[in-house]
Amino acid sequence: MIVKKLIEKIEGEAELNFSMHKGSVEDVRISFGFYRGIEEILVNKSPRDALVITPRVCGICNHAHLLAAVGALENGYENAGIAVILSNKARYIREFTLACELIQNHIKWFYMTILPQLERLTGEEGGENHALKASYLSTTITKALAIFAGQWPHSSYAVPGGVTCDPTYVDVMQATALIDETIRFFEQVIIGMEFERYLQIDSVTQLHEVQGDFGNTLHLLGTHGMAHTGQSHDRFIVFGEGLGMQSGKSIATTVSRVEVRYVKEWPQKGSTAKAVAYKDRIYETGPLARAMVNKAPIVKSLHKRYKDGLLTRIFARVHESTALLSHAKHLLQKLDLNEPSCTLESRLLADTFEGVGVVEAARGSLIHKTRVEAKKITNYEIIVPTQWNLSDGTEQDRGVAVEAMCGTRSIEEASFVFRSFDVCSVCTTQ
Amino acid sequence: MGTDKQEAVKSLFTAQSAKVDTNRGDTYYEKLYDQCRARLDALKKLAPINNRRDFRTVIEEEGLERRDFLKWASATTAMLMLPASFTPLVAEAAMVMNRVPVVWIELQDCAGNSEALLRSDGPKIDEIILDIISLEFHETLMAPSGHQAEKQLEEAIEHFKGKYLLFVEGSIPRGLNGAFGTIGAKAETFIDHLTRLSKDAAAVVAVGSCATFGGIPAAAPNPTDAVGVMDVVKGKPIINIPACPANPSNMVGVLLHYVLTGQVPELDSLLRPKFAFGYRIHDNCERRAHFDAGEYVEEWGDEGAKNNFCLYKVGCKGPMTFNNCSIIRYNEGVNWPVGVGRGCIGCSEPDFWDKYAYERPMANANIKAPTGGVEKTVDEFGLGLLTAAGVGIAIHAAASAVAGKKESEREEA
């Protein structure tokens, strides 16, 4: 048995130690050597400081952290007997901005991580500057986000009871135009086909219609025998609701309900990242999980043929962006600007409470738990998606990404499988 | 930035100011002009590093109008607080940016500043600059993994010894002998990594509030004993570009200034470039008229909020925060926090995470009113701030202190 070490640069670093057997990967240990102590920092602070501090956990999914933090406060208020009724306007605006963040993340991951690495791995380098495409798309879509949130990354415009912004019709028109511009980019560069037609695709047999960089990627994966590579436990979990999606878990395609109280974290040896499980079992979270739990037809069709392998996982993430774009546009159309932006007073409304905020972030379910006593935070827990996907696992189960990497034929292939999870070390270790 | 925005920037930064000396007289600028000329001519003789693409070809390929480019150059000249006669020089400097090597490292961070850099100033200039800057090493943007990345970094610092600009994102954890953050296969601590890389850098640029003042990781109780670059690096020119995230315009501005003059820009006592941090948010705030008229938002979503009134009473820290975001704004100038009624959280000031953050009105925050301590930390120009507006704030602050007290009494009751 040979052990090989690899340092992955993924918005920070992860160390991967591979055990190789007869030329393929037998086991992997993933560890992180990075720590800031954000949960410790939150203790003894004003409960609302979480709205400013937690987004700074991550420069990529900061908005999801803000919404989870505000969700935890609102849930805490409700638990303390204070009615929290958001206007539809506030809910739609929050959802819209979250959708924008997910889209920019997915496409940046696609162009800056997946495509270049896949080209290198298959020896089919096109010499195109994919980073510029990523930059164009994420610039465009985060402008739409900033119209309501003020800036991206690190905005703090969501507050208990709603949002601080009071957009005008001109703002909504501007945001709509930016969404349309993003859709055009999809049509011309990413999928190479009409957007509406793409949305109707619901079976593997129609996938040949997809052109552009996405079509090319699916083609590369297929022709290099990687479609079945990277299968894991085929167990998925989603805790957040919204964005047109429901929560639940999927085990071998059977979907059932979930409750956050069964989520448990524990420390892992030799790593600053904690592991997490649901009723002692390991689940995958993220776009593939959302598609499986919500039974997205095309992803189910791919899953039937390729299980939870590389092709299905990569497809699910890019595909989700198209569904989100469509949803985002719909949200803008539904906005009634005459509704109030915020329905709660800005002062702290309860001295002692406990609350949980759950949001579907780009990489999967994000959970914030806050405990407040005498107007101070006494405990704050942040459970991030990458913890689900990258943990070492339990005694019965390997971790999700570890299971997916086992059996791959080289370190390079394993590394590609690893990155197909869109990992983020800064979130994981906080 | 749109055209109107660019014009606004120009008019602002060429205006007379009590705080920053925007007109130093003809003799000064003539001498500076000659220096810049000589510097650019010398740079032009060098070949682009590693065959980086030429700015002119990129502009043509991207279909960018020369007129738009010159507009951008003229706005940037103004942002750098140089006279309009420097515009052609700034344009030239942008073109030879591929001659100055840049190494970008991430330490105890969230990658937010890299994210911000990715969506720098428009139109299209951002993409071009990203393509042109001789970014010899950047983990996230280059995405090479493992030993490949480490090798690339080592080669870059050896090859460009003494010449590269080191951009640092993230704070430096000193606790447990640096064990809270390590890098590479040999697990070099962030402290050692930064010390080693800064040794042969021409200058070190700390980007974002973590790299400048320790940022969120340094918030009480500072579990990892995190500090900023200036607490670790000694004997090197350091430029601080705080804010969370730092404004990409200011990152590009510092780089351009270095290309143009070969020197670090004029800094305040916190090592922040005066061209970006010589003004308070409040000075140029779009809601300033409402402050002067005494019209405030009292609660999120109230009538005042609908009318874009001043956010001072809901905790805006604009009056004591030095930064140019009220002019430059974020995300290609689309918006900024005050624009969505959120108020400034003072993210470019030291200790913002403990003292300024969230909507605590000033009186409830652990900071002194603007007539007292805050200005003293921003050099002599800060002392010149006590204009009518400054006095106005003091009065409001006192009123607010009373209001705040009442509120806390009410909460206790």
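Helix axes here are lines fitted to C-alpha atoms over the stretch in contact, and angles run from 0 to 180 degrees between N-to-C directions. Helices (H or I, at least four residues) and strands (E, at least two) are DSSP runs, numbered from the N terminus. The model is predicted, with local features needing pLDDT of at least 70 and side-chain atom pairs counting only at pLDDT 80 or more, while totals for chains, interfaces and linings use all residues. Residues are numbered from 1 along each chain as its sequence is written, and chains are lettered from A and ligands numbered from 1 in the order in which they are written.

**View 1. Helices α5(A) and α6(A) pack with axes that come within 8 Å.** The axes of α5(A) and α6(A), the latter spanning residues 169-190, cross at roughly 160°. The two helices are therefore roughly antiparallel (an angle over 145 degrees). Their crossing is left-handed, a label used if the near helix is turned anticlockwise from the far one by less than a right angle. On the α5(A) side you will find Lys133(A), Tyr136(A), Leu137(A), Thr140(A), Ile141(A), Lys143(A), Ala144(A) and Ile147(A). They meet residues of α6(A) including Asp171(A), Leu178(A), Glu181(A), Phe185(A) and Val189(A), where contact means C-beta atoms, placed from the backbone, within 7 Å. By class, the residues of this contact are 10 nonpolar, three polar and four charged. Here Ala, Val, Leu, Ile, Met, Phe, Trp, Tyr, Cys and Pro count as nonpolar, Asp, Glu, Lys and Arg as charged, and the others, Gly among them, as polar.

**View 2. Helix α3(A) runs over residues 62-79 and is mostly covered.** From first C-alpha to last, the 18 residues of α3(A) reach 26 Å, close to the 26 Å expected, that is, 1.5 Å times one less than the number of residues. Of those 18 residues, 16 are buried, meaning that 20 or more other C-beta atoms lie within 10 Å of a residue's own. After the helix comes Gly81(A), with a positive phi near 90°.

**View 3. Helix α3(A) also packs against α4(A), with axes 9 Å apart.** The angle between α3(A) and α4(A) is about 150°, which makes the pair roughly antiparallel. His63(A), Ala64(A) and Leu67(A) of α3(A) make the contact with Arg94(A), Thr97(A), Leu98(A) and Glu101(A) of α4(A). Three nonpolar, two polar and two charged residues take part.

**View 4. Met193(A) sits in the loop between α6 and α7 (195-200) of chain A.** Because 18 C-beta neighbours lie inside 10 Å, Met193(A) counts as partly exposed, the class between buried and exposed (12 or fewer). Leaving out residues up to four places away in sequence, Met193(A) touches Glu187(A), Tyr198(A), Glu209(A), Val210(A) and Gln211(A). Gln211(A) is 18 residues from Met193(A) in sequence, yet their C-alpha atoms are 6.6 Å apart.

**View 5. Chain A meets chain B through 65 residues of chain A and 58 of chain B.** At least two residues each come from β1 (2-9), α1 (38-42), α2 (50-53), α4 (88-122) and α5 (130-149) of chain A. The most come from α5(A), with 12 residues. The side of chain A that touches chain B has 29 nonpolar, 22 polar and 14 charged residues.

**View 6. Chain B holds 20 helices and nine strands.** Of the 413 residues in chain B, 55% are buried. Among its contacts between residues at least 6 apart in sequence, 72% join residues at least 24 apart.

Definitions and conventions: Contact = placed C-beta atoms within 7 Å. Parallel < 35°, antiparallel > 145°, perpendicular 65-115°, else oblique.
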